Amino acid sequence: MFDDYDADQLLKIVAQILQKKSLVLDLPASDHLSVYIQAMKKANTYGLASARTMKYISNMIYDKYLFRMSQSPDSPVNQIILDDVDEFVWKEAPRKTIGF
């Protein structure tokens, strides 16, 4: 059986996927995303902290980057900024039980 990725490895996966699209995370965006991934990893009861999820997150970030560039062409080019990742905030959902 394979070991799970840790939070740093998951962040590197996101960065590598974005790098293939010629994009880099700036420091505030990287820090924000790191906090999100660490919270996701901590609450990994549903197996969400995986490479597949990181690919999905990377695609969402890329879409937001493209939208930002279409609205404001003077924005930093080839750079993911905090505005591109600010929607990633981990919210703990209350655990429901069946009642017994």
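Begin by selecting helix H1 (residues 7-20) and helix H2 (residues 27-42), whose axes come within 9 Å and cross at roughly 130°. The model is predicted: local features need pLDDT of at least 70, side-chain atom pairs count only at pLDDT 80 or more, and totals for chains, interfaces and linings use all residues. Residues are numbered from 1 along each chain as its sequence is written, and side-chain values use heavy atoms, with hydrogens and water left out.

The axes are lines fitted to C-alpha atoms, for helices over the stretch in contact, and angles run from 0 to 180 degrees between N-to-C directions. H1 and H2 are therefore oblique to each other; angles under 35 degrees count as roughly parallel, over 145 as roughly antiparallel, 65 to 115 as roughly perpendicular and the rest as oblique.

Next, display the side chains at this crossing. On H1, select Ala-7, Leu-10, Leu-11 and Val-14; on H2, select Ser-30, Leu-33, Ser-34, Ile-37, Gln-38 and Lys-41, which together make the contact (heavy atoms within 4.5 Å). Coloured by class, this contact shows six nonpolar, three polar and one charged residues. Here Ala, Val, Leu, Ile, Met, Phe, Trp, Tyr, Cys and Pro count as nonpolar, Asp, Glu, Lys and Arg as charged, and the others, Gly among them, as polar.

Move on to Ser-22, in the loop between H1 and strand E1 (24-25). Ser-22 is not a glycine, yet its phi is positive, at about 65°. Most residues other than glycine have a negative phi. The relative accessibility of Ser-22 is 49%, so this residue counts as partly exposed (buried means under 20% relative accessible area, exposed over 50%, partly exposed in between, with a 1.4 Å probe and protein chains only).

Then select Asn-78, located in the loop between helix H3 (51-71) and strand E2 (79-80). Asn-78 has a positive phi of about 60° and is likewise not a glycine. With a relative accessible area of 38%, Asn-78 is partly exposed.

Finally, show the whole protein chain. Its secondary structure comprises four helices and two strands, in the order α-β-α-α-β-α from the N terminus; helices (H or I, at least four residues) and strands (E, at least two) are DSSP runs. Of its 100 residues, 33% count as buried. Among contacts between residues at least 6 apart in sequence, 64% join residues at least 24 apart.
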